[in-house]
Amino acid sequence: MSTASLHIVCPHCHGINRLPADRLGEDAQCGRCHAPLFSGQPVDLDTGHFERHVTRNDIPVLVDFWAPWCGPCRMMAPILVEASRALEPRVRIAKVDTEANPALASHFGIRSIPTLALFAGGREIARQAGAMPLPQLVAWIRQHVPL
């Protein structure tokens, strides 16, 4: 009897790991760098690693497009940490600094920040502009993906 497995991208070395689906909630470690696959922290992504995390993770990825000068973006930072702690390992939370990665912001047509984009199966399935409190954020994610 085979167990279904999921591909999980390491937030540290960006290696792709295969993890049995029934062991998703356990303290999984990367097979390449041996760091935890889930740390309860958002993953900082850049142009070089964005596609790998969005297309190769078999769990949904919530991406926060933000900028350091943006007040509402700074307000969202601790909420996204809380969301990471609450939603991992079912959802990966990631952040993209639009100032440091303008090509990504342009590619996704980011017009205001913060903008949250939810990806599943390698494609964007939902988008929300503006800051929101944790309960509203979790409810918004649950509207689009089963947790």
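Buried means under 20% relative accessible area, exposed means over 50%, and partly exposed is in between (1.4 Å probe, protein chains only). This is a predicted model, so local features need pLDDT of at least 70, side-chain atom pairs count only at pLDDT 80 or more, and totals for chains, interfaces and linings use all residues. Residues are numbered from 1 along each chain as its sequence is written, and side-chain values use heavy atoms, leaving out hydrogens and water.

**Salt bridges**

- A salt bridge is a side-chain nitrogen of Lys or Arg within 4 Å of a carboxyl oxygen of Asp or Glu, and the count here comes to 4.
- R127 pairs with E124 at 2.8 Å, N to O; R127 is partly exposed at 36%, and E124 is partly exposed at 29%.
- R23 and E26 form another one at 3.0 Å, N to O, with R23 partly exposed at 42% and E26 partly exposed at 42%.
- D64 meets K95 at 3.0 Å, N to O.
- D64 sits in strand β4 (residues 61-66) and K95 in strand β5 (residues 92-97), so this pair ties together parts 31 residues apart in sequence.
- Strands here are DSSP E runs of at least two residues, numbered from the N terminus.
- D64 is buried at 0%, and K95 is buried at 10%.

**Around N17**

- N17 lies in strand β2 (residues 16-20) and is buried, at 9% relative accessible area.
- Its contacts (heavy atoms within 4.5 Å) include L6, C10, G31 and L37, not counting residues up to four places away in sequence.
- A polar atom of the N17 side chain lies 2.7 Å from the backbone nitrogen of G31.

Methods
Helix = DSSP H or I, 4+ residues; strand = E, 2+ residues; numbered from the N terminus. Polar contact = N/O pair within 3.5 Å; in protein donor to acceptor, adjacent residues only side chain to side chain.
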